[in-house]
Amino acid sequence: MAQLSFFSAEATQPRVADLAGVLCGPGRTVVFAKATAKLIVPVDDVWRARALVAACAERGVRAQVRGDDHATIVCTAFRVDLAPLAAAWSDGDGKVVPGGFTPDGATLRMWVLAAGRWDNSGYVLPLDQAVPDTHEPLRESLARCGLPATTRVDGSGLKIVGRRRLARLRELVGPPVDPGCGGQWPDVSRMRVVS
């Protein structure tokens, strides 16, 4: 049996701070009166929406799915406990990565839930295309947690390649969350194909 990492998603109790993982990718915060904030996360798949709603609930945050044929989002209500997260990820003008931010397993799991996917030769953690200033700080943050990544040529995400790095990612994010996640979860069998 493998030893559980102190940084893995399963090593800590769920916290509201874990939701920073959705902000690494496409998620956004909206602040109201500086005292409350809500999360808005666009998703491409039904399993992602279900998984994010469940992950929010584990952290005591009620979320719901909204959308139509063109777009699906997971959003929360305005909440006081989300205001510190929103403040940490904003400079007043837009989304920023907090100084020294280093994602742990639970935060990485949220990033994977929101948007992570395989491409031809590795695992991609998508970035927020509307905020390119977050890309390099997030690449550096992955390196600090033992996951050196390269920025995709089109700037759409951070790509993790190599058997050891992919095994480390899988160790940190834990087991697949939903049977519907199919080939989009960093699982061991998929790692063999791309390594």
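Which residue in β6 is the bridge partner of Arg117? I started my notebook with that. The model I opened is a predicted one. In it I found Val124 of β6 bridged to Arg117.

**Entry: the strand pair.** I then looked at the two strands as a pair. β5 and β6 run antiparallel, with 2 bridges between them. I noted residues 123–126 for β6.

**Entry: the sheet.** Next I traced the sheet. It is open and has 4 strands, in the order β5-β6-β8-β7. The pairing is antiparallel. I marked β5 (117–118) and β7 (150–151) as the edge strands, since each pairs on one side only.

**Entry: helices on the sheet.** Which strands does helix α4 lie across? I listed β5, β6 and β8 (157–160). Helix α4 covers residues 105–115 and runs at about 90° to β6. I also checked helix α5, residues 135–144. Helix α5 packs on the sheet and touches β6, β7 and β8. Its direction makes about 25° with that of β8.

**Entry: Arg48.** I went to helix α2, residues 46–58, where Arg48 sits. Is Arg48 buried or exposed? Its relative accessibility is 3%, so I logged Arg48 as buried; the cut-off is under 20%.

What lies 2.9 Å from a polar atom of the Arg48 side chain? I found the backbone oxygen of Val112 there.

I then listed the contacts of Arg48, leaving aside neighbours within four places in sequence. They are Val43, Val112, Leu113, Ala114, Ala115, Gly116, Arg117 and Gln184. That list brought me back to Arg117, the residue bridged to Val124.

Conventions: Residues numbered from 1 in each chain as written. Predicted model: local features only at pLDDT ≥ 70, side-chain atom pairs only at ≥ 80, totals over all residues. Heavy atoms only, no water. Pairing = 2+ DSSP bridges. Contact = heavy atoms within 4.5 Å. Axes fitted to C-alpha atoms, helices over the stretch in contact; angles between N-to-C directions. Buried < 20%, exposed > 50% of the residue type's maximum accessible area, 1.4 Å probe, protein only. Polar contact = N/O pair within 3.5 Å; in protein donor to acceptor, adjacent residues only side chain to side chain.
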